Structure formats: C-alpha cells, structure tokens
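Below is a short note for a colleague who has not seen this model before. The points are numbered so that they can be checked one at a time.

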Amino acid sequence: MPRSDIAVTDSLESLSILDEHGNLDRDLEPQLSKARLLELYRAMLLGRRFDERLLDLQRQGRIGTFPPIKGQEAAQMGAVFNLRPSDWFVPAFRETAAEIWRGRSLESIILYFNGFNEGGLVPEGRKDLPIAIPVGSQVLHAVGLGWAARYRQTDEIVMTFFGDGATSAGDFHEGLNFAAVYQTPVVFVCQNNQWAISVPVSRQTHTPTLAQKAHAYGMPGIRVDGNDVLAVYAAAAEAAERARSGGGPTLIECVTYRVMMHTTADDPKRYRSEEEVAQWQQRDPLPRFAAYLQQKGTATEPQLAEMETGVMEEIQAAVDAAEKRMGELGDPLAMFDHL
Amino acid sequence: MPRSDIAVTDSLESLSILDEHGNLDRDLEPQLSKARLLELYRAMLLGRRFDERLLDLQRQGRIGTFPPIKGQEAAQMGAVFNLRPSDWFVPAFRETAAEIWRGRSLESIILYFNGFNEGGLVPEGRKDLPIAIPVGSQVLHAVGLGWAARYRQTDEIVMTFFGDGATSAGDFHEGLNFAAVYQTPVVFVCQNNQWAISVPVSRQTHTPTLAQKAHAYGMPGIRVDGNDVLAVYAAAAEAAERARSGGGPTLIECVTYRVMMHTTADDPKRYRSEEEVAQWQQRDPLPRFAAYLQQKGTATEPQLAEMETGVMEEIQAAVDAAEKRMGELGDPLAMFDHL
Amino acid sequence: MSKMTMVQAINLALRQEMANDDRVVLLGEDIGRDGGVFRVTEGLIDAFGPERVLDTPLAESAIAGMAVGMAIYGLRPVCEIQFSGFAYHCFHQLESHAARLRWRSQGRLSVPMVLRAPYGGGVRALEHHSESREAYWAHTPGLKTVIPSGPRTARALMVSAIRDPDPVVFYEAKGLYRAYREEVPDEEEIIPIGRSQIVREGGDLTMIAYGAMVRPALEAAEELRASDGVETEVIDLLTIAPLDDTLILQSVTRTGRAVVIHEAPRSFGPGAEIVTRLMEGAFYYLEAPIARVTGYDLIIPYFSREKWYIPNVRRIVDAARQTLTS
Amino acid sequence: MSKMTMVQAINLALRQEMANDDRVVLLGEDIGRDGGVFRVTEGLIDAFGPERVLDTPLAESAIAGMAVGMAIYGLRPVCEIQFSGFAYHCFHQLESHAARLRWRSQGRLSVPMVLRAPYGGGVRALEHHSESREAYWAHTPGLKTVIPSGPRTARALMVSAIRDPDPVVFYEAKGLYRAYREEVPDEEEIIPIGRSQIVREGGDLTMIAYGAMVRPALEAAEELRASDGVETEVIDLLTIAPLDDTLILQSVTRTGRAVVIHEAPRSFGPGAEIVTRLMEGAFYYLEAPIARVTGYDLIIPYFSREKWYIPNVRRIVDAARQTLTS
Amino acid sequence: TPGHSAAVPGSPVPASPATRRLARELGVDLRALTPSGAGGVVTRDDVLAFAEGTGKPETPPPA
Ligand SMILES: Cc1ncc(C[n+]2csc(CCOP(=O)(O)OP(=O)(O)O)c2C)c(N)n1
Ligand SMILES: Cc1ncc(C[n+]2csc(CCOP(=O)(O)OP(=O)(O)O)c2C)c(N)n1
Ligand SMILES: [Mg+2]
Ligand SMILES: [Mg+2]
Ligand SMILES: [Mg+2]
C-alpha cells in the first residue's frame with residue numbers, strides 16, 4: 001500500500017514426470033511396487049479396450065449413445081488409483097476406466113448405455129456415485145460426502161472428476177468454495193481434454209490454465225501432464241494425502257485430450273482438425289507407460305501381450321453376459337421400480 | 001517442468017490513496033475539478049442523509065424493510081462517479097447513493113420500500129437496471145449489456161455492483177467467466193462490507209482477498225480501501241478506461257463495512273461485536289473526504305454546512321411528495337399492469 | 001404440552017430430532033449464530049455446535065448439492081433456503097439428483113434430505129419474498145412436497161420429513177410463523193407424509209386448502225354457516241405431492257360441490273390437479289363446477305397491494321356461494 | 001415452398017429473422033461451428049459470423065442471464081439450451097428476471113428473448129435428455145410457453161417468438177426434429193402466440209394435444225373413425241401458456257367428451273390445467289369424465305423402456321373408448 | 001348396478017353434469033327416477049324417458 005501487488009500464497013505448480021519422449025525424472029518418480037504398476041497398466045488397458053468395444057457395439061446398433069474415454073486413461077487411472085476402497089469416488093460421465101477399477105462391472109456399463117435402468121445398480125458396499133450427466137453438478141455431492149466423512153471422524157477422502165467445460169459451471173465454483181471454507185477432504189480432478197463438445201478450452205475460459213482457478217478458493221492448484229500416468233499419480237497422491245491429513249482440498253488439472261468424438265452422436269470433424277488429433281495421438285498415455293514398464297523391467301512384451309489377451313476375454317465374457325441379460329429384461333413394469 | 005511454479009500474469013494489486021488518518025498519496029491523487037469533487041461529496045452526503053431518513057421512516061412504520069447503506073458511500077460513489085450517462089449501471093440492492101446519483105428519484109425509492117410497484121419505474125432514457133434482489137444474479141445482465149454495447153460498436157461500458165456474499169454465487173462465477181471470454185466492457189465492483197447478513201467474509205470464502213478471484217477468469221483484480229473515495233475513484237477510473245478501450249473486464253474489491261443492520265428486519269447484535277462496529281466507524285468515509293476537501297481548500301466548513309441544509313431540504317421535499325403520492329395509489333387493479 | 005408459534009414448533013421438531021439422531025444436521029444461510037432470518041433455528045447452534053448447524057456461504061445450489069452428498073453418506077441434512085423465491089437456484093440439484101438418486105442407483109443410494117423454505121405472502125416483504133410456487137416441486141417425480149398449516153402440523157410433519165428416506169420439500173407459510181400459538185405436545189407427535197385431514201366437517205360443500213389458506217377457509221366456512229346455514233367440510237391437504245386424493249374424493253362424493261384454495265398463481269397451479277382428481281374420481285357426483293380461489297396469473301405485487309392478490313375470506317365465501325347456487 | 005424437417009424449418013426461421021433484423025443474435029453451447037447438437041443452427045455462423053452466433057462456455061445460467069442483458073439493451077437474443085433437462089440451471093434467471101423485468105420496471109424495460117430447448121423422448125438418449133417438463137414454465141407468470149407440433153408450426157411460431165416483446169420459452173419436441181418433412185413456405189408465415197388450432201374436425205369427441213403428441217392423437221382419431229365410426233376433433237394447442245381456452249371450450253361444448261394428451265408426468269402436469277378449464281367453462285356439457293393420457297409420475301425410464309412411458313396411439317384409443325362409453 | 005340408485009341420502013344423485021343440465025332444463029328431479037347407467041348413474045335417456053312420461057315441465061328452463 002498505497003499501491004502494491006498482492007501475492008497469492010497458495011501453491012500453483014505444474015508437473016510432469018515421464019514425458020512423451022520417454023524421459024523420466026527419477027527424483028519425482030513415484031515408488032510403486034511391481035504388482036501395483038501392473039495393476040495400474042491393466043486398468044488403463046482394460047479401459048482402452050472396453051471403450052473400443054463399446055464403440056463397435058454402438059456402431060453395430062447393439063448399444064446407444066456413449067462417451068468414449070480414449071486418450072484419458074492416464075488422467076483418470078493415475079488419480080483414482082490413489083483411492084482406498086473406503087474412499088468415495090464421484091465421477092462425471094467420462095471415467096469408464098476409473099469406474100471399472102472401482103468395481104463397476106462391464107456388464108452394468110453395457111446395460112446402462114443400452115438404455116436399461118438396471119445398468120445403474122451401484123453394487124452393495126461400493127462407495128461410488130453413479131454417472132452424473134448434468135455437467136459440474138456432481139462436484140457438490142463430493143463436497144457433501146467429504147464433509148460427512150469428516151463429521152463421522154473417518155479418514156475417508158473423496159475424489160471427484162469433471163471436464164474442462166465443467167469449470168465454467170456455477171456448481172464447480174460453489175463446490176470448490178464450500179470445500180475450501182469447510183476444508184473438506186476432496187480431491188478435485190479436472191480432466192482438461194481440450195474440448196467441451198465443440199468448444200475448445202481457449203473459448204471456455206480466458207485463463208491460460210485451469211489450475212489457477214484454485215486461487216479463487218484459497219486452495220493449492222496443480223497442472224499435470226494428464227497423459228503421464230506417473231505425474232497424475234504423484235499429484236493425486238499428494239492431494240489425497242493432504243486431504244486425508246486434514247489439509248483440505250486440492251484442484252488438479254490433468255492436461256489430456258479427447259481423442260474420439262464427444263459421444264457417438266457427435267462428429268468432431270465439424271469443429272477440429274485431424275492434425276490436432278494426430279498430434280495428440282503421439283502423446284498416447286498407454287504406449288508411454290508400457291515403454292516405461294518394459295524399460296524398468298516390470299514387464300516384458302510377451303507379458304503385456306498376455307495381459308492383452310486376458311483383457312479381451314474379460315470384455316467378451318461381459319458382452320455375452322450383458323446381451324443375455326438384456327434379452328431377459330423386457331418387463332415394462334420395471335419402470336415403476338425405485339421411485 | 002517437470003515441477004515448477006505457475007506464474008499468473010494478470011495484475012493483482014491493492015490500493016489506498018487517502019488513509020483513515022488523512023494521509024494522502026499525492027502521486028496517486030486523482031485530478032478532479034473542484035466542481036466534480038463537490039458533486040461527489042454531495043452525492044455521498046445525500047446518500048448518507050437519505051439513508052438515515054429511510055431508517056426513521058421505517059422505524060415509524062411509514063415504509064417497510066430496506067437495506068441501509070451507511071458506511072458504503074465511498075465504495076459506491078467513487079466507482080459510479082466514473083460512469084457517463086451513456087454507460088450502464090447494474091446495481092444489486094445496497095447502492096442507494098449510486099442509484100440516486102444516476103438519476104433515480106428519492107420519491108421512487110420511498111415508494112419502492114413502501115411496497116408500491118410504482119417505485120420501480122425506471123425513468124425514460126436512464127440506462128440503469130432496477131434493484132436486483134437475488135444475490136449475484138444481476139452480474140450476468142451486466143455481461144449481456146456489455147456484450148450488446150460492443151456488438152453495437154458503442155463506447156458504452158457497464159458497471160455492476162455486488163457484495164462479498166455474492167462472490168459465492170454461481171452467477172458471479174459464470175458472469176466473470178463469460179465477461180473474460182468475450183472481453184466485454186464490464187467493471188465488476190464488489191462492495192466487500194465484511195458481512196453477508198450474519199456470515200463474515202472469513203466464512204464466505206477461504207481466500208484472504210476477494211480480488212484474487214480475478215485469477216480464475218484471467219482478468220485484473222484490485223483491492224482498494226473502499227472507505228477512501230479517492231482510491232475507489234482511481235481504481236474504477238482505470239478499470240473503466242480499460243473496458244472502454246477494449247481491454248476487457250476488471251474485478252474491483254472495495255474493502256468497506258456495513259455499519260448498520262443488513263436490513264431493518266435484521267439484528268446484527270446477534271452475530272457481531274459492537275467493538276468491531278465502533279472500530280469501523282472510525283474509518284467513516286464521509287469525514288475523511290470532508291477533511292480532505294477542507295484541507296485542499298475545495299470547501300470551507302460553512303460551505304459544507306450549507307450543502308447539508310440543501311440535502312436535508314431535498315429529502316424532506318421527496319418524503320412529502322412520496323407520501324402524497326402514496327395516498328393516491330390505492331387502486332388494487334394496478335397489480336394487473338405491466339404483465 | 002405448551003402453546004407455541006409455528007416458528008417455535010418447527011424449532012422443537014428440529015431440536016428433538018437432532019437430540020435423538022446425530023445424523024440430523026442443518027445447513028443454510030444465517031441459520032447458525034443468527035438463528036435464521038425467521039429464527040426457526042434459534043439456539044440450535046448453541047445446543048448442537050457449529051458442526052451440526054452450518055452457516056453456509058451464499059449459494060443455494062451448493063447448499064442443496066452438498067446436502068445430497070451428506071444424505072448419500074447416510075446423514076439426514078435439513079437445508080434452509082432463506083426464502084422459497086431463491087430455491088430456483090438449486091432447482092437442478094433437486095430435479096436432477098435429489099429426486100433421482102434412489103432410482104438411478106436402482107435403490108442402492110438414497111437422499112433423505114429435507115429442503116425447508118418459507119413461502120407465501122403476508123409479512124410486508126420485498127420482491128421474491130412472498131411467492132407460492134409449490135407446484136414446481138409437486139410436478140417433480142421423486143420429490144415429496146409438504147406444507148403444514150400451523151404450529152402443530154408443522155412440528156408433526158417436520159418429524160416425518162426428517163425421517164423420510166427420500167427428499168422432502170417442506171414449505172413453511174411465513175405468514176403463519178408468528179400468526180398464532182397452538183398447543184403442541186412435548187412428546188413426539190407424527191403426521192405421516194401423504195395424509196390429508198378433515199379440519200371441519202360438513203355435508204353441503206367441500207373446501208380444500210393447505211398452508212396459510214386453511215385459516216381463511218375455516219373462517220369462510222364459519223361465515224357460511226352463520227349467514228347461509230351452509231355446512232362446509234374443510235380439508236387440509238398437508239402433503240401436496242404425492243397427492244393422496246382419498247379424503248377429498250370421499251368428501252366431494254358426498255357434497256357434490258367444492259372450492260379449492262391456494263395462494264399460488266392460478267394457471268397450472270396445484271388447484272388444477274386437485275380439480276382434475278375430483279373430475280376424474282367424483283365426476284358423477286359433481287353438482288356444480290368446482291371453484292378455484294387462487295392468486296392471479298401475476299407476480300405477486302409489492303406488499304402494499306398483496307392483500308388483493310392473496311385469497312381472503314371474502315373471495316372464498318363468494319366462490320362458495322356461487323358454487324352452491326350453480 | 002419446399003419440404004423440410006422441423007430442424008430445417010426452425011433453421012429457416014432463424015436465418016430469415018437474422019437476415020431481416022440485426023438485433024437477432026443466437027447464443028448457446030455448440031451452436032456455432034458445430035451447428036448445434038441437433039444441427040438446428042447449422043450454417044448460421046457461416047452466414048452471420050461469430051458475432052451473431054455465439055458458442056458459449058458451458059453455463060446455462062450465464063446463457064440465460066446474458067441474454068436478459070442483451071434483450072434489455074434492445075437485442076433479440078435466441079438462446080439454445082442444449083436439452084431442456086439442463087434448463088433448470090437457469091430457472092432463476094427466467095423466473096426472477098426474464099419474466100419480471102417489464103413488470104419490475106413498470107413497463108420501461110423489456111426482455112424480448114427466446115429460450116429454445118429440445119424436450120421429450122424418442123431419440124434413444126441418455127438420462128436428462130428426454131424429459132417433458134413444460135409445466136414449470138407454464139406456471140411462471142411473465143413467461144410464454146410455446147410448443148410447435150411439426151415443421152410448419154415450428155417455423156411460424158419461431159418467427160412470432162423472436163418478434164414477441166417478452167420472453168418466450170420455446171420447447172422443440174426432439175422426437176419430431178427429423179421425423180417427417182412438411183411443406184414450409186419460403187415467404188414469411190406467422191402463427192400468433194396464444195392461438196391454438198383445430199387440426200381435425202369431429203363432433204363426437206375432442207382430443208387436446210401439443211408437440212409430439214399431436215401425431216399419435218391424429219392417428220388415434222383415424223383409428224377411431226375406422227373401427228368405431230367415431231368422429232374426433234383434434235386440437236393442437238401450440239401455445240401452452242398463457243393458455244387460450246376458447247377453441248377447446250367451443251369444441252367440448254359440442255362434443256361433451258375430451259381426452260387430453262401429454263408426455264409430461266401426469267400429476268400437476270399441463271393436462272390438469274386443461275381439464276380444469278374445461279370443467280370451469282364447459283361443465284354442464286360434459287357427458288363423461290375427461291381422460292388424461294400422459295407420462296406416469298415417474299422419471300422417464302432409460303430408452304429401452306421409454307416407449308412404455310410415452311403416450312401412444314393404443315393408450316389414446318383406449319382412453320377415448322372409455323370416455324365414449326362412460 | 002342399473003336400476004338401483006347409488007344415491008346416498010343427502011348426497012348427489014350420480015349423473016354427468018350434462019345430464020344434470022338436461023334434467024334441470026326439463027324440470028326433472030333426479031331423485032325421482034330410476035337410474036339405468038352403470039354404478040347407478042342417471043343417464044340422459046333416463047331423464048328424457050322420465051320427462052316424456054310426465055310431460056313438459058311446468059316452468060320454462062332457466063336461461
Ligand atoms: C449442465 C449441462 N449442460 C449441458 C450438457 C450437455 N453436455 C454434455 S457433456 C458437455 C460438454 C462437457 O465438456 P467437459 O466438461 O469438458 O467434459 P468432456 O465431455 O470433455 O469430458 C455438454 C455441453 C450437460 N450434460 N449438462
Ligand atoms: C440468491 C439469494 N439468496 C439469498 C438471499 C437473501 N439475502 C439477501 S442479501 C443476503 C446477503 C448478501 O450479502 P452480500 O452479497 O455481502 O451483500 P450485502 O448484503 O452485504 O450488501 C442474503 C443472504 C438473496 N437475496 N438471494
Ligand atoms: Mg472436455
Ligand atoms: Mg456483504
Ligand atoms: Mg427425510
């Protein structure tokens with residue numbers, strides 16, 4: 001004063017660990033056991049292959065509209081991999097890999113996207129919320145769950161997901177503000193996949209990063225390479241630890257890309273260039289992580305191929321089971337259930 | 001990268017020019033003519049005295065509930081004083097001094113607060129919106145007006161007011177985001193009067209300042225001493241100039257105090273200490289500005305006293321006119337008008 | 001048993017439920033230290049602490065959305081929206097989530113929250129503070145809409161609302177808050193959600209009302225007996241949705257004539273559903289068109305004229321006479 | 001004159017109004033480069049530029065609230081809410097401002113905005129994408145609610161909506177978007193807001209429908225003639241609110257029997273108001289209870305079962321027969 | 001059951017509003033006749049038959 005700069009003290013950082021050329025920052029490399037690393041990779045792979053299969057099914061008219069996740073496996077799995085079963089997971093609608101990791105059956109996902117309410121069944125004992133379609137709205141549920149977990153004096157935390165588009169929504173703002181005011185144990189994971197249907201992030205907000213929106217709430221913000229599963233894991237681990245130990249919420253921006261259409265009802269050629277897509281495909285999180293695992297000696301190529309086979313079998317079994325089940329679900333009166 | 005701080009480049013500053021002890025920063029002192037300075041003072045004085053009179057009327061049962069502005073005259077007048085008649089003014093509900101300055105009649109205010117829809121009449125030619133009661137909602141109207149003014153290639157700008165409580169509302173967020181994305185010529189003036197009814201600003205948000213919320217939108221933020229009319233004027237002049245010249249929106253936080261009750265239906269003794277109120281009364285913007293005017297030789301004490309008399313006469317005439325008018329406004333069928 | 005206002009009666013219900021059940025938590029603007037702008041939550045922060053009585057930032061969507069999360073967790077949040085005119089800010093949280101999560105999760109999750117909000121006119125308030133738009137909620141599948149008519153029903157229904165396993169919108173007629181006192185038992189009293197009650201018996205005409213309109217309906221009934229010798233049955237709905245039409249059908253099948261009363265705007269208002277149910281279920285017993293005495297299709301005028309907007313005894317009696325002579 | 005789908009017809013109306021009047025601007029999510037998720041605004045950004053076709057950030061309250069400001073300024077904004085199921089996010093902007101500013105300013109300001117939103121089922125969509133909740137708007141004083149029934153009415157009503165000096169909520173039955181083509185004149189055609197139309201004449205029974213329900217009503221009428229020899233009059237409301245009841249009263253006064261059809265949930269739905277108006281205005285001409293064929297008081301099920309929820313020809317014919325034999 | 005009045009003493013005789021109007025116009029007291037409709041509802045034909053049997057009403061129908 002009389003005229004001076006205000007310094008914001010909450011941390012605002014960017015993070016990458018394993019870059020798209022395979023360069024690894026060993027100081028920052030998270031220490032995950034071999035078993036954990038393989039679990040993580042398998043979950044990403046399952047997410048990828050199942051997504052591809054859903055697209056086939058959709059193109060064949062065997063399911064309805066669905067939102068592909070391709071390219072975002074690291075962003076969601078790196079984050080959700082930090083959760084314990086006793087923690088809460090609050091997805092938007094493009095977290096299929098994370099949902100499966102948390103225990104949602106492939107079969108239920110097929111049912112859901114083929115218009116059966118039975119696909120919404122949350123299995124007993126799971127602390128997860130169903131898909132939330134109204135953009136941004138679920139952020140508030142996460143805050144309420146986090147508040148309740150603290151009220152009950154548990155060490156549970158809550159992780160919620162949303163897209164870049166969601167950061168424009170009033171509910172995002174109200175949710176992050178409440179979380180900071182009440183210091184609820186919530187990790188806010190934004191999958192900035194560059195697009196909200198046809199709107200690029202540069203027209204979604206005037207800020208160069210989404211992470212800096214944390215400054216509006218007095219919480220730490222961090223922007224990570226969302227296709228670098230190690231970086232996402234590390235950032236989320238830190239945020240999860242902060243939340244669990246009473247340090248309050250964190251906003252994580254995962255910079256990633258929606259490689260496919262918004263949903264199968266969308267035609268992205270109308271609004272973005274193939275070059276852009278091709279460029280991002282170079283940064284595919286799966287091969288990057290696979291190369292890391294091989295380099296590190298965690299898995300050999302044949303082992304990964306075997307994993308691939310297992311994943312494909314699991315998917316086929318689920319498709320068969322779902323189609324059998326759907327054949328039995330004709331009863332219209334089921335629409336009167338649960339209301 | 002791999003791990004580094006993100007620097008936000010939008011300016012975030014604090015400003016004071018004439019402090020509560022009368023210290024003046026001559027470098028920053030705005031250059032206002034004698035006539036303008038006296039106009040400004042008179043508008044603040046009129047706002048103060050009219051507010052006091054409204055309270056009397058309310059206590060005598062001659063009007064209904066209303067929200068006193070006492071203590072906030074500098075915050076609102078310093079800002080609105082920058083507007084041209086061709087600019088737009090979008091108030092919340094605690095900007096009585098600014099509304100009067102913009103041309104709203106005292107009589108209409110009395111009618112309004114005594115429950116007559118006729119008090120809502122916006123005079124022909126005025127580019128002002130009526131009071132908006134749903135907190136934060138008017139911020140979006142300002143953005144639409146600003147967008148339209150640019151669409152019509154005018155040099156009009158828009159100034160909108162809201163409280164500290166409003167910064168928690170979804171509409172505040174959505175409005176500032178839209179304004180930044182479309183670079184609309186809007187000056188966002190937050191009167192941080194420390195309270196939203198019984199909720200102190202420290203429970204409204206976890207941030208130490210409200211100005212820093214500008215970082216979420218990619219616009220400049222500035223925090224000014226809201227009881228220092230010169231500082232408010234200077235900050236708003238800069239923001240107005242920025243908006244007018246195509247530089248986009250600005251968020252101004254005026255740090256002030258709601259000296260009275262929230263509305264006449266409220267009892268602030270339930271939630272805040274008299275010491276706090278007393279402390280802030282020391283920082284009353286009116287005597288501070290009066291002393292400045294006298295020191296500067298802009299006005300003598302007798303001149304200010306004369307001004308006071310004029311103000312009181314104006315108020316009395318308005319009360320008389322309003323009471324006469326209300327006596328004539330019995331017709332219940334008027335409720336069917338304008339819908 | 002003591003005489004209390006509706007404010008005190010709701011406070012009693014909240015206090016007792018909080019004492020009995022630590023899942024019950026309150027949240028809303030100014031409900032803590034200030035005790036709520038109408039003092040409904042007065043003293044509760046002292047009794048139960050700020051961990052159970054949350055003064056929230058100013059954001060209705062967050063209040064409702066956070067309550068959804070709390071309720072899913074297993075708590076029983078009771079939100080206050082300061083005035084029902086600001087509940088539209090959280091419309092989407094109620095319509096899209098609170099009302100749907102049980103159904104969406106196939107019965108696995110539920111949202112046992114209560115959304116309290118003062119509604120209606122009569123307190124010389126500013127714009128947005130006097131509306132009566134319960135029909136919005138009543139038309140929303142998955143929500144229950146409850147409107148008590150006085151201290152005793154308010155207390156007994158609030159207990160049910162809190163214990164209900166699903167979301168309940170609880171509208172409190174602010175004109176009744178301090179209008180009169182009524183005996184309210186200290187011990188627990190419950191009125192089940194979904195049950196209406198006959199508050200006056202009669203065989204010539206049926207009046208159907210709820211909330212603040214029950215009192216003028218009763219006064220009108222009294223006047224009709226005194227001056228016209230007409231015996232009016234008055235039914236207090238208590239729950240608006242889901243609408244249980246058993247009692248009103250029974251009554252109108254006997255009387256053949258009905259007057260439906262609400263403060264809400266007339267068109268597409270709650271009265272239309274009530275009339276339609278009578279038309280569907282008591283068609284052959286109707287002796288005359290059913291009358292609606294309602295607010296007009298206007299925004300309720302500022303307070304100097306609101307008395308012309310809100311149904312009063314005169315308008316009810318007039319409508320009844322017309323019904324009786326048709 | 002050319003045959004076009006409803007999508008094309010609305011596009012035509014927007015295009016012509018934009019060409020005629022530079023006050024007309026469009027805003028909404030994905031309406032620019034993408035042409036809208038249903039392609040209703042296809043090509044308009046090329047024709048009129050991004051200054052008149054705004055791709056907005058994802059925020060419905062901002063879309064509506066910004067439009068309020070634009071409209072006050074003197075523009076004629078047409079907002080698209082991507083699906084009506086997300087319009088609740090801007091409920092407060094419509095209820096508290098768009099609907100009130102003329103009244104609040106005593107006639108000095110006005111809000112000539114249109115809020116377009118696809119509603120209703122029939123396109124195998126995800127949750128929140130198939131609801132029919134027009135009653136929320138219809139019950140809101142200060143708003144007009146318009147629902148066309150096909151390409152031609154959509155075009156002609158959209159022109160009126162844009163030119164209307166006050167806010168209009170314009171619900172577009174997404175099931176009709178590409179269901180069929182109809183001749184739409186190139187030259188201007190207008191249907192005034194507030195006017196319903198007889199789309200089939202008959203003296204035995206009146207069916208009242210709007211939006212996507214007009215076609216099954218007409219089919220049902222055809223079936224009733226063919227198999228029962230019954231002549232059904234079908235009325236297409238077009239404007240839901242303010243509801244002009246002139247035509248429906250004239251018709252039911254002649255036929256004495258009516259069936260009201262909508263996709264919306266039954267209770268507190270638009271049908272209740274229609275039934276009530278008939279009960280009020282044609283009481284002594286009613287030969288049988290008026291039937292409602294509607295959605296159930298449920299959230300519309302996911303698409304594998306939605307056909308059981310949405311009224312169809314079979315349900316309409318059954319209700320008509322019941323009405324005819326009562 | 002047709003032929004048996006569902007009317008409870010003091011309660012309305014079941015009839016559609018249109019039938020009631022007809023009865024009123026013809027000066028027919030619904031209580032005086034035997035309903036033939038399902039559930040004891042008095043039908044239009046019941047009223048017409050009764051009116052023919054008793055001749056024209058003595059007072060002209062109300063406007
Ligand atoms: C409140 C709301 N408005 C609009 C939509 C329609 N919609 C669905 S997804 C989407 C874009 C979401 O973008 P983003 O948040 O970036 O998530 P992403 O789809 O990229 O995963 C839109 C506009 C919606 N579901 N909810
Ligand atoms: C959306 C909404 N919620 C609640 C209210 C009730 N209310 C009126 S003013 C107010 C506090 C506003 O605080 P602030 O924004 O700081 O403005 P101030 O009153 O201090 O000027 C509240 C809660 C309202 N008017 N609108
Ligand atoms: Mg995105
Ligand atoms: Mg304040
Ligand atoms: Mg409950």
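This is a predicted model: local features need pLDDT of at least 70, side-chain atom pairs count only at pLDDT 80 or more; totals for chains, interfaces and linings use all residues.

**Note on the chain contacts, domains and metal sites**

1. Chain D and chain B are in contact through 38 residues of chain D and 38 residues of chain B, where contact means heavy atoms within 4.5 Å. The area buried between chain D and chain B is about 3200 Å², and carbon and sulfur atoms give 65% of that area. Buried area here is the accessible area (1.4 Å probe) that two parts lose on being put together, summed over both. On the chain D side, D:Tyr73, D:Gln106 and D:Arg108 lose the most area to chain B, together 25% of what that side buries.

2. Residues are numbered from 1 along each chain as its sequence is written, chains are lettered from A and ligands numbered from 1 in the order in which they are written, and side-chain values use heavy atoms, with hydrogens and water left out.

3. How many salt bridges does the rule find across the interface of chain D and chain B? The rule finds one, a salt bridge being a side-chain nitrogen of Lys or Arg within 4 Å of a carboxyl oxygen of Asp or Glu. B:Arg152 forms a salt bridge with D:Asp22, with the closest N and O atoms 3.0 Å apart. Between chain D and chain B there are also 17 residue pairs in polar contact (both at pLDDT 80 or more). A polar contact is a pair of N or O atoms within 3.5 Å; within protein, one must be able to donate a hydrogen and the other to accept it, and residues adjacent in sequence count only if both atoms are side-chain atoms.

4. Of the eight pairs of chains in contact, chains C and D share the most contacts. Chain D and chain C each bring 53 residues to the contact. The area buried between them is about 4700 Å², of which carbon and sulfur atoms give 63%. In chain D, the residues that lose the most area to chain C are D:His139, D:Phe268 and D:Ile299, together 19% of what that side buries.

5. The polar side of the interface of chain D and chain C can be listed briefly. The rule finds 14 salt bridges across it. In one of them, C:Arg100 pairs with D:Glu131, the closest N and O atoms being 2.7 Å apart. The count of residue pairs in polar contact between chain D and chain C is 29 (both at pLDDT 80 or more).

6. Two copies of a chain are related by a rotation about an axis and a shift along it. Chain D can be laid on chain C with an RMSD of 0.0 Å by a turn of 180° and a shift of 0.0 Å along the axis, the superposition being by least squares on the C-alpha atoms of residues with pLDDT of at least 70 in both. That is the relation of a two-fold axis. Because 100% of the interface residues of chain D are also interface residues in chain C, the copies meet through the same surface.

7. Which chains does chain E not touch? Chain A and chain E do not touch, and their nearest C-alpha atoms are 30 Å apart. Chain B and chain E do not touch either, with their nearest C-alpha atoms 32 Å apart.

8. Within chain C, an automatic or database domain assignment gives domain 1 (2–184) and domain 2 (197–325). The centres of domain 1 and domain 2 of chain C, taken over C-alpha atoms, are separated by 26 Å. The contact involves 28 residues of domain 1 and 24 residues of domain 2. About 2000 Å² is buried between the two domains of chain C, 60% of it given by carbon and sulfur atoms. C:Arg124, C:Ile147 and C:Ser149 supply 20% of the area that domain 1 buries against domain 2, more than any other three residues. Between these domains the count is zero salt bridges and nine residue pairs in polar contact (both at pLDDT 80 or more).9. The magnesium ion (ligand 4) is coordinated by B:Asp164 (OD), B:Asn193 (OD1) and B:Trp195 (O), at 2.0 to 2.1 Å. Donors are N, O and S atoms within 2.8 Å of the metal (3.2 Å for Na, K and Ca); water is not among the atoms, so sites may look incomplete. B:Asn193 counts as buried at 4% relative accessibility, buried meaning under 20% relative accessible area, exposed over 50%, and partly exposed in between (1.4 Å probe, protein chains only).
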